[in-house]
Amino acid sequence: MMKKVAAAAIGGVLAVGAVPVVLGAVGFTSTGIAASSLAAKMMSAAAVANGGGVPAGGLVATLQSVGAAGLSASSNILLASTGSVFGALLGRSKKAPPLSPPAGPGAEGNQPGENVSQIKPPKPPLKSEKHQK
């Protein structure tokens with residue numbers, strides 16, 4: 001249970017902390033869009049597609065706003081909650097298989113090789129045994 005709680009906490013922190021790092025790496029910085037970055041290419045493509053201007057409320061404008069000012073408190077809470085859920089799901093422990101099979105009268109069918117067929121395939125005939133016409 002503690003492992004699941006720890007994984008949820010780590011997932012929430014990573015989700016909130018990764019946003020500014022990723023946006024900065026892509027080129028959406030607090031001082032504006034970095035030259036020759038992916039963000040600059042996105043801005044150029046958006047401007048060409050919209051006749052010379054970047055539309056307000058579009059993807060590039062929203063990412064630049066988040067890169068410059070950060071996320072709002074409600075967005076951080078939502079992001080942390082989502083990260084916590086994913087962290088808890090990924091941190092869920094699986095049951096370990098038993099170390100040895102149970103012994104005793106109820107343990108029939110658990111021995112290795114027990115279900116393997118004991119019939120050997122037929123041998124191919126020798127050259128002298130082949131039927132000739």
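Student: How many residues are in H2, and what should they span?
Tutor: Keeping in mind that this is a predicted model, H2 has 12 residues, which at 1.5 Å a residue should span 16 Å, and this agrees with its end C-alpha atoms, which are 16 Å apart.

Student: Ok, and which residues in H2 are buried?
Tutor: In H2 the buried residues are Ala39, Ala46 and Ala47. Looking down the axis of H2, you would find these buried residues within an arc of 100 degrees, so they line one face of the helix.

Student: What does the face turned away from that buried side carry?
Tutor: That face of H2 carries Lys41, Val48 and Ala49, which are exposed.

Student: And what covers the buried residues of H2?
Tutor: The cover includes the helices H1 and H3, together with the strands S1 and S2.

Student: What follows H2?
Tutor: Glycine 51 follows H2, and the phi of this glycine is positive, near 75 degrees.

Student: Let's switch to H3. Which residues are buried there?
Tutor: H3 runs over residues 59–69, and Val60, Gln64, Val66 and Gly67 are buried in it. Seen down the axis of H3, the buried residues lie within an arc of 160 degrees, so here too they line one face of the helix. Their cover includes H1, S1, S2 and H2, and just after H3 comes glycine 70, with a positive phi of about 85 degrees.

Student: So which residues make up the largest nonpolar core?
Tutor: There are six residues in that core, namely Leu23, Phe28, Ala39, Ala46, Val60 and Val66. The elements that give two or more residues to this core are H2 and H3.

Student: What is leucine 23 in contact with?
Tutor: If we leave aside its neighbours within four places in sequence, leucine 23 is in contact with Phe28, Leu63, Val66 and Gly67.

Student: Zooming out, what does the secondary structure of the chain come to?
Tutor: The chain has four helices and two strands, and from the N terminus on the elements run α-β-β-α-α-α.

Note on methods. Residues are numbered from 1 along each chain as its sequence is written. This is a predicted model: local features need pLDDT of at least 70, side-chain atom pairs count only at pLDDT 80 or more; totals for chains, interfaces and linings use all residues. Side-chain values use heavy atoms; hydrogens and water are left out. Buried means under 20% relative accessible area, exposed over 50%, partly exposed in between (1.4 Å probe, protein chains only). The arc is that of the directions from the helix axis to the C-beta atoms. Contact means heavy atoms within 4.5 Å. A nonpolar core is a set of buried Ala, Val, Leu, Ile, Met, Phe, Trp, Tyr and Cys residues joined through side-chain atoms within 4.5 Å. The expected span of a helix is 1.5 Å times one less than its number of residues.
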